[in-house]
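Hi everyone, thanks for coming.

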Amino acid sequence: MDQVANYLFQIGFSFSIFILISLGLAVIFGMMKVINLAQGEFLMLGAYFCTLCAQAGIPLWLSFILAGLAVGVFGIIVERLLIQWLYGRIIDTLLATWGLSLLLVGGVTTIFGPQTASVSAPLGMVPIGDFGVPVYGLVMIAIAFTVLAAVYAFWRYTRFGLIVRGTMQNPNISAALGVNRSLVYMLTFGFGSMLTGFAGAVLVPIVGAYPTLGIGYIAKAFITVISGGHLPLIGTITASSLFSTIDGVVGTVSTSVIGEMSVLFVAILLLRMLPLGITGRMTRGT
Amino acid sequence: MKLNRRQFFKAGSGALAFASMPYLLKSAGIASEKPIKVGSILDKTGILNIYSLKQIQASAMAVDEINAAGGLLGRPLELVFYDSQSDGQYNSQYVTEALLKDKVDVVHGGITSSSREVMRPIVSRFKGLLFYNSLYEGGVCDRRHVSTGMVPAQQLEPLMDYVVKELGQKRVYILAADYNYGHITAKWMQKFARERGGEDLAVEFFPLDVTNFQPAISRIQAAKPDVVLSALVGGAHIAFYRQFESSIGKANMMLASGSYGVGLEHTQLSPEEGNGIILATSYVDDLQTAEAKDFVSRFHNYTGDTGYVGEYGEYGERGIKLWAEAVRQAGDSSPDAVIAALSKGTVSVVGAGGRYTVDGKTNHTVMDIHIVKGNMNRRFDMIRSFEQRQPSDTQAVCDLHANPDDTTQYEPEV
């Protein structure tokens, strides 16, 4: 029984990580089709911002939100200075954001040094039979579901969400209907950045903040969003569920390395059989 | 007295010669006061600079102190620093520049094994001398290379003596970084644990970018070892210490390591996360010896930085001191003379961590190993010292007296 609970926890924990790191990318890459190679560094900035806030005495939970907002604002600045000139130019975007990524890693290393900055995980652990499960891990699972629900509600039920979805579907028609396309793109990019910054902050108590933090997650995030296919939210959820189940079970039975390898292997198989991703054959609106 | 012209010139030139004697003597003496050049190649910038920053300062301090005390063989030392920027490409570029253009007598530097392996063939080709001041996996057998840091057998035997034999923590679970250092270290941990009646339940390796240790922690919880041994390395792996404390806890299971602390991990973790971890090391700031206290206060005065110095900082002074002693014994700073002096096995100094002696057969260093335990002040409490531990893993495979031209890095048989 406690074995089963342990597996469920591992899967849930892995799911929360997949969801948190890919949701921002699902917006920026999935919806906007901007290949942002600096996405991992947005995660890292969120982690640093959260650490600085927490070290300044701000409660950790509030630091998460502040970090999300700060990276959101940073994303808007990046969009205005860099991305807005490059919509539709995939190779150029790739190079520009790669440069940005190098700049951010170098800049943060120069300012804060390469060492890991720290905030300890609050809340301790709960014993389940033989296993101690960190309460913070359970909180992360809860946060992941909450963020998912919030993002869904935001896109589905707000006027802004409707405008964004419309604009992404057909920018020209939206513009003809009086939508300020440039503003919508800017805010959407900022929203995706905010989700990423928030994710970085939530990861801090388990991984800490260090300049190359993003590199470890960027590939996973892209694989999740690409495997998810063209429906960003549903795709990301299904891909995350699949990968976290594999990662959680295989990673626990054998080793973390084999777990990650299996995820990559399944992703390759998946994209071979469903080149458009899991949601490739679904149509919008389903 | 009346001088004719010829007498005037005679007397005059004599007087001139006499008057200019101090100047002539001084200009003749310039040769013996020409500085001895010391190259230092470390990562001042880039992602690995955490291991180098204090070492750069400690080396500079050691050189300045030698100069303040009158130099070496009557000549001042000149430190030439090169920033290798955490990139092996610069190690090879700068070591070539140091040996050929700046003509240094010795190169101190390299942090990672890969940076050392980039430099070693170049140092051999141009007949230089390399002091590698870092802990590493052992086995380098090269007379132009001197290792002043710990090697696994030297460090882990005392650790396992203490943990398995003295404390009776027999069931061990090993976690290690997934590269050369981690694999070799894990093998020695298994060997020493078994030899002391212990049982190694599992060995797991983690690539350097792994941050999610939850699955490993649940396997540890299922296996129920007495002690978890860590040979994890680098910024990402710090996450393990954090996740271990928030799930199992050192109150319930012992955690020991040979690599913790070298990247100043304990200054980046919370007091609870670092408290109680057991470590085998050749130097921590908290050693209660006069030499250690003296080193820390000199370092603080020299740099104005009153933070924790740590093992990699101390290696900077250790390397310079050992090399300087070898130069004194050789009476000559040229690489070949220093290498000849080193091979006698008499080069020995007392430094901040105790006595260091270069073993002439392997060019590795005999040193004290201290078992310490993390405390709630983000520092260490001394438990006990194992004196003058031999680099036995490298000694088993390397004999520079018999094969002076050897340049192999052996993988010690475990």
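Predicted model: local features only at pLDDT ≥ 70, side-chain atom pairs only at ≥ 80, totals over all residues.

Okay, the interface. How many residues of chain B are in contact with chain A? There are 31 of them, and they touch 35 residues of chain A. Putting chain B and chain A together buries about 2600 Å², and carbon and sulfur atoms give 55% of that area. What about salt bridges between chain B and chain A? The count there is 0.

Let's zoom in on one spot where a helix from each chain comes together. Which residues do the touching? On the chain A side you've got Gly251(A), Thr252(A) and Val253(A), and they meet Pro215(B), Ser218(B) and Arg219(B) from helix 8 of chain B. Sort that contact by class and you get 2 nonpolar, 3 polar and 1 charged residues.

Now let's stay inside chain A. Helix 1, residues 2-31, packs with helix 8 of chain A, residues 181-207, at about 155 degrees, and their axes are 7 Å apart. Over 145 degrees counts as roughly antiparallel, so that's the label for helix 1 and helix 8 of chain A. This crossing is left-handed. By class, it's 15 nonpolar, 5 polar and no charged residues.

Over in chain B, have a look at helix 13, residues 311-330, and helix 14, residues 335-343: their axes come within 8 Å and cross at roughly 95 degrees. So helix 13 of chain B is roughly perpendicular to helix 14 of chain B. Trp323(B), Ala326(B), Val327(B), Gln329(B) and Ala330(B) in helix 13 meet Ala337(B), Val338(B), Ala341(B) and Leu342(B) in helix 14. That splits into 8 nonpolar, 1 polar and no charged residues.

Last topic, salt bridges. Over all chains, the structure holds 32. One I'd point out joins the side chains of Arg143(B) and Asp405(B), at 3.7 Å from N to O. Where do these two sit along chain B? Arg143(B) is in the loop between strand 4 and strand 5, Asp405(B) is in the segment after helix 15, and the pair is 262 residues apart, linking distant parts of the chain.

That's it from me, happy to take questions.

Definitions and conventions:
Residues numbered from 1 in each chain as written. Chains lettered and ligands numbered in written order. Heavy atoms only, no water. Contact = heavy atoms within 4.5 Å. Helix = DSSP H or I, 4+ residues; strand = E, 2+ residues; numbered from the N terminus. Nonpolar A, V, L, I, M, F, W, Y, C, P; charged D, E, K, R; others polar. Buried area = accessible area lost by both parts, 1.4 Å probe. Salt bridge = Lys/Arg side-chain N within 4 Å of Asp/Glu carboxyl O. Axes fitted to C-alpha atoms, helices over the stretch in contact; angles between N-to-C directions. Parallel < 35°, antiparallel > 145°, perpendicular 65-115°, else oblique. Left-handed = near helix turned anticlockwise from the far one by under 90°.
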